[in-house]
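Student: Hi, I have a structure open and I'd like to talk it through. Can we go piece by piece?

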Amino acid sequence: MSTTLHTFDNGAALAEGLADAVSAALATGIATRGTASIAVSGGSTPKAFFQALARKDIAWDKVTVTLVDERFVPPESDRSNHALVTANLLQGPAAKAHFLPLYHAAASAEDAAGLSSKATAKIGTPFDVVVLGMGTDGHTASFFPGGTQLSRAIDATTPRGVITMEAEGAGEPRLTFTFSSLHDARLLVLHIEGEGKKVVLAKAEGPGDEAEMPIRTMLRRAASPLQIYWAP
Ligand SMILES: O=C1O[C@H](COP(=O)(O)O)[C@@H](O)[C@H](O)[C@H]1O
């Protein structure tokens, strides 16, 4: 598996450069198959990228947007990735996109995972675009070190879909697409910013168990080349 590092001078240039690449991939998907799909991450990193992507002039009504992972919190929560996407990506031209949330107001995270697996199964496979993030603990999606279902989540034979995850570093229970759902995206991106995350990435690229730094699953086993977008 291969990785390519795309380096930018600052976060604003990175947001624009990544939005250019992602919108081109979505436009290709629409031109080739009539529709396109993208799964995006939450957290603090993607806000400027979402705002840049939302301004792109593509046929947003033919695009399905979902999340790589989510906290089991309603969209009213300021911890919700759904809320982040609504406020920053599903705006302007991109408001016409079809959004499939992972959170559902179900009795349990397990029930919500079942509902979101069923709803997102309607998206064609593989995703046109997956944009991953990475935490300073080496997690990606909600593949957390020590996570209750980490081995199931990162097992390539686990079917596509959404499962739950609980971990000490995760806060709330999580909902996450499995490795098999994400690793073969037509455009597979890791979006990270800051010197600290570059140090974490360098450590992940070295030897060690995948379970200690689950981003290693993508660095080592993704079927698609991993495009790493970084700025200081
Ligand atoms: O918990 C999460 O964190 C990671 C990284 O977030 P950041 O704040 O360091 O950018 C993110 O990729 C993931 O989607 C999110 O749920």
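Student: Which strands does helix α3 lie across?
Tutor: Helix α3, residues 81–88, lies across β2 (36–40), β3 (63–67) and β5. The helix runs at about 145° to β3. Keep in mind that this is a predicted model.

Student: Okay. What is the order of the strands in the sheet with β2, β3 and β5?
Tutor: The order is β1-β10-β9-β6-β2-β3-β5. That makes seven strands in an open sheet, with parallel pairing.

Student: Which strands are at the edges?
Tutor: β1 (3–7) and β5 (98–100). Each of these pairs on one side only.

Student: And how much are neighbouring strands turned against each other?
Tutor: By 20° on average, with direction ignored.

Student: Let's zoom in on one pair. How many bridges link β9 and β10?
Tutor: Six bridges. Strand β9 covers residues 187–193, strand β10 covers residues 226–231, and the two pair in the parallel sense.

Student: Which residue in β10 is the bridge partner of Val-189?
Tutor: Gln-227.

Student: New topic. What is the strand order in the antiparallel sheet?
Tutor: That open sheet has three strands, in the order β4-β8-β7. Its edge strands are β4 (69–71) and β7 (162–165), each pairing on one side only. The twist from one strand to the next averages 20°.

Student: How many bridges join β7 to β8?
Tutor: Four, and the two strands run antiparallel. Strand β8 is residues 174–177. As an example, Val-162 has Phe-177 in β8 as its bridge partner.

Student: Which helix lies across β7 and β8?
Tutor: Helix α4, residues 109–120. It runs at about 155° to β7.

Student: What about Ala-141, is its phi positive or negative?
Tutor: Positive, near 45°, and Ala-141 is not a glycine. This residue lies in the loop between β6 and α5 (150–154).

Student: Why point out those two spots?
Tutor: Because most residues other than glycine have a negative phi, and most peptide bonds are trans.

Student: Let's step back. How many helices and strands does the protein have?
Tutor: Eight helices and ten strands.

Student: What does the C-alpha trace span?
Tutor: About 45 × 40 × 30 Å along the principal axes.

Student: Why does the radius of gyration agree with a compact globule?
Tutor: Because a compact globule with 232 residues would have a value near 17 Å, and this protein has 16 Å.

Definitions and conventions. Residues numbered from 1 in each chain as written. Predicted model: local features only at pLDDT ≥ 70, side-chain atom pairs only at ≥ 80, totals over all residues. Pairing = 2+ DSSP bridges. Axes fitted to C-alpha atoms, helices over the stretch in contact; angles between N-to-C directions. Contact = placed C-beta atoms within 7 Å. Rg over C-alpha atoms; globule rule 2.2 N^0.38 Å.
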